Amino acid sequence: MRVLVVGAGIIGAALADRLTRPASGAPARLTVVEGEGPGAGTSGTSYAWINANDPADPAYHRFRTAAMSTWRDLAAGFGDPAWYRPSGNIMWATADETKERLADRVARLSGLGYAADLITSDRLHELEPHVAVPPDALVAHYPDEAYVHGGPAARALARRAREHGADVVTGHRAVRLNTDGDRVTGIRLDDGRDLDADLTVCAAGRHSPALLATAGVPLPMVDPSEPGSAAPCLVATTSPAQGVLNGLVHAPGLSARPAEAGGLVLEADDLDAGIDESASPALIRQVGGELLARARALIPALAANISDVRRCVRPLPTDGYPLIGFQRPGLYTAVTHSGITLAPHLAALIAQELAGRPSPALAPYRPNRPPPHPRP
Ligand SMILES: Cc1cc2nc3c(=O)[nH]c(=O)nc-3n(C[C@H](O)[C@H](O)[C@H](O)COP(=O)(O)OP(=O)(O)OC[C@H]3O[C@@H](n4cnc5c(N)ncnc54)[C@H](O)[C@@H]3O)c2cc1C
């Protein structure tokens, strides 16, 4: 079988890696087409927190805990790579209402068998000596959570897939899906070449709706160009700030973790509210300044400055759940938010489906499920 994967973000790269493993019942021929380079899309700018830190939907929570476990196995297979950091996560609340919600979350997660504890400020200072936490804060610790550096992770997976026989074509975009009646027969590249395949997998992240639309295939995703859309967001990186943070920290108003080049990755949901596709450079700089001010309040020893503020687009299904499965004969779609958390697990399940064994675990996440879907 000739399989074509469009996109080498974390989803496409993890799938290519999985499909080329000797035990996977590998396709006779696997080609990956990536418009830029592996990890150059959303995966390379993602906050990339690997977690199942939401008990609201126990089935989806279990799906995500399985994904955390698949990451551990994958990383072990690479020999503790620098791009996978099983650092644990600290989260705290200071207002009465948010403390109540945090305590409830920890209790519910613990009840689901997830590693979640309330910890003392002494324990917090052992874990993160440079972080300033108000004395009355309620602090939670999730020791099994992790983060990845999404760009290097996608590159490592794509490299291993290539070493195992995949043809990885970079710097060329698929401009359309080719069809024969209802069947998708491959893609047309931006240089006019047609690549034929028995199965085309759309793993083009936020660009998936546009590619699928060329064959009249809909995908229920949040449109980043709509006013007030939740998809556009900003992520800032600081200059090197070695040793000030050991792992993931979620404080009121700021999420932070160590960055690949020694600085910090910073994001704040409330600051994303004013960001859309037309956000001016001045607004983006202003948000970067606010993120830095919050980071300095969080880590008084932080001497770094902002080195980069990037506008990103979350590949956001309208109900927040993954969109995974066959959409037409010859066409399989794999698009999701939380794609960093889910990629290796999805890759394993998708490989199983492509080998002819439908996965019950993916049944709730078919792209053609009926609306409406409440966002988790
Ligand atoms: C700010 C931010 C924070 C996030 N935080 C988290 C988090 O904490 N935890 C988590 O699990 N997830 C998080 N996410 C979501 C996660 O990053 C994404 O779900 C994931 O990176 C999507 O991976 P992907 O491979 O589908 O897409 P991408 O990484 O965008 O990869 C798609 C690839 O396809 C290529 N491509 C697109 N169109 C074409 C085409 N026509 N032809 C050829 N190539 C094409 C692109 O160049 C790109 O490399 C976050 C996202 C953002 C933006």
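Between domain 1 and domain 2 of this predicted model, two residue pairs are in polar contact, both at pLDDT 80 or more. Salt bridges between domain 1 and domain 2 number zero. On the side of domain 1 that touches domain 2, helix H2 (42–45) and helix H6 (150–163) each supply at least two residues. Sorted by class, this side of domain 1 comprises two nonpolar, three polar and two charged residues.

The domain assignment gives domain 1 as residues 2–46 + 150–222 + 318–365, and domain 2 as residues 86–145 + 225–313. Seven residues from domain 1 and 10 residues from domain 2 take part in the contact. The centres of domain 1 and domain 2, taken over C-alpha atoms, are separated by 31 Å.

The size of an interface is often expressed as the accessible area that is lost when the parts come together. For domain 1 and domain 2, the buried area is about 610 Å², and carbon and sulfur atoms give 52% of it. Of the area that domain 1 buries against domain 2, Thr45, Arg206 and Val222 supply 66%, more than any other three residues.

Thr333 lies in strand E20, which covers residues 331–335. Is Thr333 buried or exposed? Thr333 has a relative accessible area of 0%, and because buried means under 20%, this residue is classed as buried. Leaving aside residues up to four places away in sequence, Thr333 touches Cys202, Leu212, Leu219, Leu323, Ile324, Gly325 and Gln327. With Gln327, the side chain of Thr333 also forms a side-chain polar contact of 2.6 Å.

Conventions:
Residues are numbered from 1 along each chain as its sequence is written. This is a predicted model: local features need pLDDT of at least 70, side-chain atom pairs count only at pLDDT 80 or more; totals for chains, interfaces and linings use all residues. Side-chain values use heavy atoms; hydrogens and water are left out. Domain bounds come from an automatic or database domain assignment. Contact means heavy atoms within 4.5 Å. Buried area is the accessible area (1.4 Å probe) that two parts lose on being put together, summed over both. A salt bridge is a side-chain nitrogen of Lys or Arg within 4 Å of a carboxyl oxygen of Asp or Glu. A polar contact is a pair of N or O atoms within 3.5 Å; within protein, one must be able to donate a hydrogen and the other to accept it, and residues adjacent in sequence count only if both atoms are side-chain atoms. Helices (H or I, at least four residues) and strands (E, at least two) are DSSP runs, numbered from the N terminus. Ala, Val, Leu, Ile, Met, Phe, Trp, Tyr, Cys and Pro count as nonpolar, Asp, Glu, Lys and Arg as charged, and the others, Gly among them, as polar. Buried means under 20% relative accessible area, exposed over 50%, partly exposed in between (1.4 Å probe, protein chains only).
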